Each structure stands twice: as structure tokens, then as C-alpha cells.
Amino acid sequence: MLFRECLDIPCGIRFMFDDLQLQSACGRTRLLHSPMMKTREEVEKAYKTLGDCYRTLYSNTTPQVSSSLAALKHRLMCLRDITGTLDRLSRDVVLDDVDLFEIKYVGLLAGHVSEGVKALGLEGVEIPDMEKVVSILDPEGMRIESFYVYDIYSKELGRIRADIKKLQGLSPDVSVTSDRLLELIEKERLLERDIRENLSHLLKNHIAEIRQAIDAMGDLDVLLAKCLQMKMMGLCIPAVSEDSETEYKGMFHPFIVHVYENQAALGGKKKQFQPVDLKFGLESVTIIGANMGGKSVVLKMAALNQLLFQFGFGVAAQEARIDIKEDIRVCIGDDQDLSSGLSSFAGEVKAIDNVLRGMRTGSRMLALIDEPARTTNPIEGTALVQALLDILKDRKISVLMTTHYNVPGDFFRRLKVRGLVEGKMDYSLMETVEGEIPHEAINVARSLDIDAQWLDDAEKILAKEDIGNN
Amino acid sequence: MSFISDILKFKSLSIVGLEKNTGKTVCLNFILDRLPSTCRVAVTSIGIDGESKDQVTGTAKPEIILKEGTIFSTSEVFYARRRVLSELLEITSERSSLGRIVSARVLRGGKVLLSGPSSAQSLARWASSVEKFSPDLTIVDGALSRLSSASPVISESLILTTGAAYSVDMATLVRRTKFIVELVRLERADEAVCQKFEGLEKGVWGIDSEGNLIDFHVESSLAIDKIKDDVTGRSVAVFAAGALTDRFLGMISDSKRVKEIDLVVTDFTKIFVSEEAYRVFLKKGGRLKVLRKSKLIAVCVNPTSPRGFVLDSDVLCEKMRQAVGVPVYDIVKNGEDI
């Protein structure tokens, strides 16, 4: 799975992507096309680099570090996408001055960026040397960002140009011209063409090097943006789990925190996000709880953090220990199937079917399912959920599922949102047992100032049913 | 050489033609040729320009001739067709229909086709980005349909070119040119007023007799009907941040308080009023002022129309000089004497 394929998973990953302050289009492309990491080596290496970089940049920032970082980011801003030029070069097209300038520019830039990395002492970041490429395009060794077909490329060219200058004198107006001058100018043109052809030929041997240098600068851009995001959002470096267990302490959702901060900035009431702890292994876990108790948010946070983890971002928790998964499947209904013309029920069961297919491939999977079968009657709904949990048990996968149904059985773990405590919502999770389904829908609705007659009537009906049952 | 020494008093210059074939390119080449060789020049053109044939009338146009050391910016396509030896310095982030805009330094003089940034905003970005090559003078070859390229935001000074292509009737030509010159030379508003209005980018604003800033809460002067009485009722200065139109000008003209109001616009490129409406406004005692003013160095005339009609150069120059009050030159005829 590539990063760009995850962006539409409704868990807030797009928000994290949009928040990244990337300097270059190359950085953006590198990130969007990066595959999900699936091995311990990759993940550990990525976080070693991210952690080292973060510490170097932000854990006692001197003015010198800040200014070197700003300078480095400015350099990266100058990184242009020259894929088109390189493609032409690989097809044996003779490059013109603009193309050659671009390549020289990137080569010099790689040198500057490499110096910037060294000045900051960033470990694990290596910008390949483009010295050979630069020397082809900078025969005078001036190291200036400019290009023309230099006299030095051929003795004859230098001679012809000197002759032209002599003939032309001080008048730049070439329309006043002699046959001799025209002849020289034509010779110059042909020589320049040959030199460009030769340069293109030489550069063709270095295409791979050039691409590597550009990719490395793009990756550096992503790394710096991830570090800044960690700092701004208070994200953590997670540990890779040794025992298939995933554990978050103080997990939060950066988007919701961002919304709260915005509301406060606009003069609204300052709301605090209540961080949540969560722990799960290779098992099925159901999460029950009152409406508005943050069940879906728990799923979204678990999905978001798993994605952040496997793409090497800072993770939204105070502390985290995460198990590497090969597959992440998320069924959080956001009415996405309107476009494909499916009813809400059809959309939902198709999504769950997708999870089951994933499970049958035998890959290590994290499945996050929000209120399965919620759009049908509670009798069939409960049966569907019970059967689903039954199928998922004993597989080497992790399943988190929210539900309102009272599902019988002891083959899965049950968590519950603590819920309304003295009129205030407590979003923390606690272990619970069968049968404890909260009946707080009407209370919660009351807190929203919903039509009183409707809620009163509903309570009366419930009271009658209680008497009937007794 | 007072023409050239006037130009050298400023850091930047725009050349704007009031019509095609009024000799804008001739004028530019004349200036480039006469500037002292110690003066480092950076030059570009707004949109497509410098083509060897006029794209509308098919008449021959002189190419732009650059001397050694000049910095120029043009599109990639035209850069490939250059007839100078030049060193490429920068690929800018500006784009045009002819590709990216590149900047280069002339190593051996010759001819180029110039086609630079195509909007006033990107031109302003060009002007600031070319600063790193520390030129003594930047020159923008403007386009008639884009008077905004002559905005004081981009250039401190200005040369207008006009001629038989604009009108073959000498009286009309002089009158219409005079109108544009009047707008270019509008007075700057009082310092206190300028300070209040500076930085306002849209809407219509006023200042009352106590010097308080009033926001009339409209997006532009185009939506004025709602605020008519309010605007003319109590303001001593009214500022239209966007375009000034006949309707807005008419509203001020019709007011009983027209004589008590200073009408202010950002600069002359924001004025889109007809000569008639402007004359009525003046007759009723109206005053139009600007926040930013550029220096009009000269008016250059081309007495030949693209269809071959030729006005008497000496008479035209003399009449024009009397009407506009700035130096007037026919560069082709009198180039040697300027």
C-alpha cells in the first residue's frame, strides 16, 4: 500500500499530510509514493533517523541550529522537479542550455544541501555526491549557478568567438553583417551543437546518480517536515512491539485537538481533549459505550496511529508501543458509498466482507470496524456481529470493533467507555463483562437540548416495557 | 542627452505604448543603445513582445538589441531562438504560454525576442527577483492592453509612446494622449490621507472631517448604489481601492459636496473612466488624486501609421509638447539630436 492510497481512509491521515510543511514538490512526491513499511528493520531504522533528527533540531535549540535549519529549508525550496529533463536525457535527446542549467543547478544544490546537513550534524541522512555531474557542466570550476556552452569546452570555439567579437566590434547589431561574420556564427552554432550533444552523452551515464540525489533531498524534506510536525503537535517516537501487543498511553487525535484550539482562538469555550489509553494484542476487542462517548474516535485514533507508525511519522500519544501489521483495514462508515449507489447497509457489509477476505489471506492484520450491522434491526444485527466475532476469533489478527449490541459470548475482550459521570463525559476505557450495555441514549440526548416531549414519551415507553418484563 | 540622464535618475522604467505600432520597441532599442556602458540593465517585456513581425497587422517590427552585460528575461521558447551569446542565470518560477521564464546575462551582444511574465503581479515578482543581479536600471517593455505593467508598484518612471497608429487626426491624437498624460501626472493625495488609505486592498473607504477612517462595507466601487448618500454625505476624502469607473466618478460628480471631496485611487492604472466623465467631474470642481505616482519622463511619438499615413513630425511634436507639458521626442527622426 502506498501512502497516497491511505489518504482517503477516514481517520484523519489526510489532515496529517496537509499539515506537513514540505518545501518541495519532490518531497511531496516521495512521500505520496512511499510504500507502507512492513519489516522491523525498516521501521526501526526510520524511527532511529527521525528520533536523532528531532533531538538534534529541537531538544535544545540554539540560534545557530535555527538559522542553519532555516537555510537548509530554503535550499530545499529551490529543489525543482527535473524528471522531464532526465527522461529526455535517457531517450538520447540532446539537451539545450535550459536543461543543462537545470541539471547543473540540482548538482550544486545537492552540494549545498549536503553541507547544510553536515552543519546541523543530522545523522542517518546522506545526500549522494554529484561532483562528477557538476564538473561536466562547470569546466571552469567557478561553482556558480549559471550555464552556457563555455569557450573552454573546445579550443576552436574559443577562437571563433574571439574572431566574431573582433569583427563585430562594439556594435551588437548583427544585422549589419558581413559574409565572413555569418560564416563564423554558423560555425559557432554547429560547434555548440556538437558540444551539447557530447555533454548529453556524458550526462546520460549519471542519470541514476542524479535521481538518487534528488530523491535523497526529497526524503530529507519529508524528514524535516515530520520533525516539525512532531514538535508542533506533541507527537512521540513509538517503540516497535516485541510481543504482538500494541499499547498507547495518552492517545489523542491531532485533528480534534486542532479543532478545539481553533474554537478557543475564536473566543469559544476552551475544550480539553481527554487522552485515552488503549492496549490490544492479537485478539478481538469490542468497545461499547454511550452515544457521544468517543467510541468511533478511539477507532480513528487507532487507525491513524497505526498508519503514522507504518509510514514513519510521529505518533499521536504520550507513549506508544506498536505491533507492525501487514494489512490495515478500516470500516468507518462515512456514507462514502453514495457515489457507487449502494445503500448504507450494502456499503457496510461489503466493507466487512473486505475485512474477511483480508483475514483469509493470512496476513497480520489490524481491522477496525465501527458499529457493524448498525443499519439493520437489532435482532439480525446482533446475530451478524456475534457471527463476525466468532469467525475472527483465534486468527492472528487484531480487531477493534465498536457496537451498541449486547453480543453474548466469552471469546472476545470487552471494553467500555466510562461514560457520563456526574453529568460529565469521561472518555476513558475500562474492561467490562457481558450484559453491561449502557442505557444513556436518552440522557445524552437531553444534554443536547433535544425536543423534551419526544424524550419524555420515549422514557414512558421504556418504563412500561420494564413493568411488562417484570 | 537630457532624455537618457532623466532615465538614469530612476531605478526602474516602464515603456508603454498607447496603441500598437506607436514605436515602443524602437524607443526601447534607442534607450538600450544610448545608456552608458557602465549602466547594468535588466530588461523584460510583459507577455508576448519582441516578435519580429507584429502579430496583428503583420508589419515589420525591430527586434530588441542587447549589449554585453545586459540581464534579460524571456520565455524558454524565445531563449532557444536567441541570437546572442548568453549565460543562463536562473529559471524563474513564472510561467507563460511560451514556457517558463528564464533570466540570462548577455556575453556577446545581439538580438533577442522578449516575452516575460504576463501579469502585473508576476512582473512585480520578477522585478524583485532580478534584484539579486544588482542591476542599475530595470526596464519593462509594457503592453498597451496591460497598462498595469506601468504601475508605480513595478516602475518608478514611465515613458509613453503614441502616434499615428493611435489616431491619424492630429488634434484627436493630441487630445487623447493629453488625457492619459493627465491621469499619469495626477497629484499625490495629502500625506495624512495617504497614510490612512495605504495598504487597503479592496472596498470603498472615506475620511470624515475629524480625520476618522470610514469603511463603507462594499467589495468595490462597482457596488456603489447602496452607499451613495453615505459616501457623499460626510466624507472629505473617498478612496476606491479597486478600479475607478464612470459610474463611481459620476456619483461623486452628481453630489452637492463634489467640491469638498478628494477622490483618491491607488495609482493611474486603476482609472477606467472616459474622458467625457472625467471632464464633467473636473468642471464641477472635483479633484482626483493618487496614493502612488510614477514619474513620466517623456512622450515619444511615431508619426507614421501602420497603413502608411504620415503626420508632420515637427508639428506633432510641438503641439504635443504644448499639450502635455513633458518632453516629446520623435526618436526615428530626431534620434541624433536627443
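# Close-up views of a predicted two-chain model

**View 1. Helices α9(A) and α10(A) in contact.** In this predicted model, the α9(A) side of the contact consists of Glu156(A), Leu157(A), Ile160(A), Arg161(A), Asp163(A), Ile164(A), Leu167(A) and Gln168(A), and these meet Arg180(A), Leu181(A), Leu184(A), Ile185(A), Lys187(A), Glu188(A) and Leu191(A) in α10(A). Sorted by class, the residues of this contact are eight nonpolar, one polar and six charged. The axes of α9 (residues 155-168) and α10 (residues 179-204) of chain A come within 10 Å and cross at roughly 150 degrees. Because angles over 145 degrees count as roughly antiparallel, α9(A) and α10(A) are therefore described as roughly antiparallel to each other. The crossing in which α9(A) passes α10(A) is left-handed.

**View 2. Helices α6(A) and α11(A) in contact.** For helix α6 (residues 83-90) and helix α11 (residues 207-233), both of chain A, the axes come within 11 Å and cross at roughly 165 degrees, which makes α6(A) roughly antiparallel to α11(A). The crossing of these two helices, α6(A) and α11(A), is left-handed. On the α6(A) side the contact is made by Leu86(A), Leu89(A) and Ser90(A), while α11(A) contributes Ile207(A), Ile210(A) and Arg211(A). Four nonpolar residues, one polar residue and one charged residue make up the contact of α6(A) with α11(A).

**View 3. Helices α8(B) and α9(B) in contact.** In chain B, the axes of helix α8 (residues 246-254) and helix α9 (residues 275-283) come within 9 Å and cross at roughly 20 degrees, and α8(B) and α9(B) are therefore roughly parallel to each other. The crossing by which α8(B) passes α9(B) is left-handed. Helix α8(B) brings Asp246(B), Leu249(B), Gly250(B), Ile252(B) and Ser253(B) to the contact, and α9(B) brings Ala277(B), Tyr278(B), Val280(B) and Phe281(B). When the residues in the contact of α8(B) with α9(B) are grouped by class, six are nonpolar, two are polar and one is charged.

**View 4. The open five-stranded sheet of chain B.** The strands of this open sheet follow the order β10-β9-β11-β13-β15 in chain B, and their pairing is mixed. Strands β10 (213-215) and β15 (287-290) of chain B stand at the edges with a single partner strand each, so one side of each is left without a neighbour in the sheet. On average, and with direction ignored, neighbouring strands of the sheet are turned by 25 degrees against each other. Strand β13 (residues 262-265) of chain B runs parallel to β15(B), and four bridges join the two. Within β15(B), Lys289(B) stands opposite Val264(B).

**View 5. The contact between chain A and chain B.** Chain A gives 14 residues to this contact and chain B gives 19 residues. On the side of chain A that touches chain B, the elements that give two or more residues are α7 (97-120) and α9 of chain A, and the largest share, four residues, comes from α7(A). The residues on this side of chain A divide into seven nonpolar, one polar and six charged.

**View 6. The two domains of chain A.** The domain assignment divides chain A into domain 1 (3-222) and domain 2 (234-438), whose C-alpha centres lie 45 Å apart. Between them, 20 residues of domain 1 of chain A are in contact with 19 residues of domain 2 of chain A. On the side of domain 1 of chain A that touches domain 2 of chain A, α1 (3-6), α2 (13-19) and α4 (40-58) of chain A each supply at least two residues, and α4(A) gives the most, with seven residues. That side of domain 1 of chain A consists of 14 nonpolar, three polar and three charged residues.

**View 7. The two domains of chain B.** Chain B is divided into domain 1 (2-184 + 294-337) and domain 2 (191-290), and the C-alpha centres of these domains of chain B lie 32 Å apart. Eight residues of domain 1 of chain B are in contact with five residues of domain 2 of chain B. The side of domain 1 of chain B that touches domain 2 of chain B has six nonpolar and two polar residues and no charged residues.

Terms used
Residues are numbered from 1 along each chain as its sequence is written. Chains are lettered from A and ligands numbered from 1 in the order in which they are written. This is a predicted model: local features need pLDDT of at least 70, side-chain atom pairs count only at pLDDT 80 or more; totals for chains, interfaces and linings use all residues. Axes are lines fitted to C-alpha atoms, for helices over the stretch in contact, and angles run from 0 to 180 degrees between N-to-C directions. Angles under 35 degrees count as roughly parallel, over 145 as roughly antiparallel, 65 to 115 as roughly perpendicular and the rest as oblique. A crossing is left-handed if the near helix is turned anticlockwise from the far one by less than a right angle, and right-handed if clockwise. Two residues are in contact if their C-beta atoms, placed from the backbone, lie within 7 Å. Ala, Val, Leu, Ile, Met, Phe, Trp, Tyr, Cys and Pro count as nonpolar, Asp, Glu, Lys and Arg as charged, and the others, Gly among them, as polar. Two strands pair if DSSP finds at least two bridges between them. Domain bounds come from an automatic or database domain assignment.
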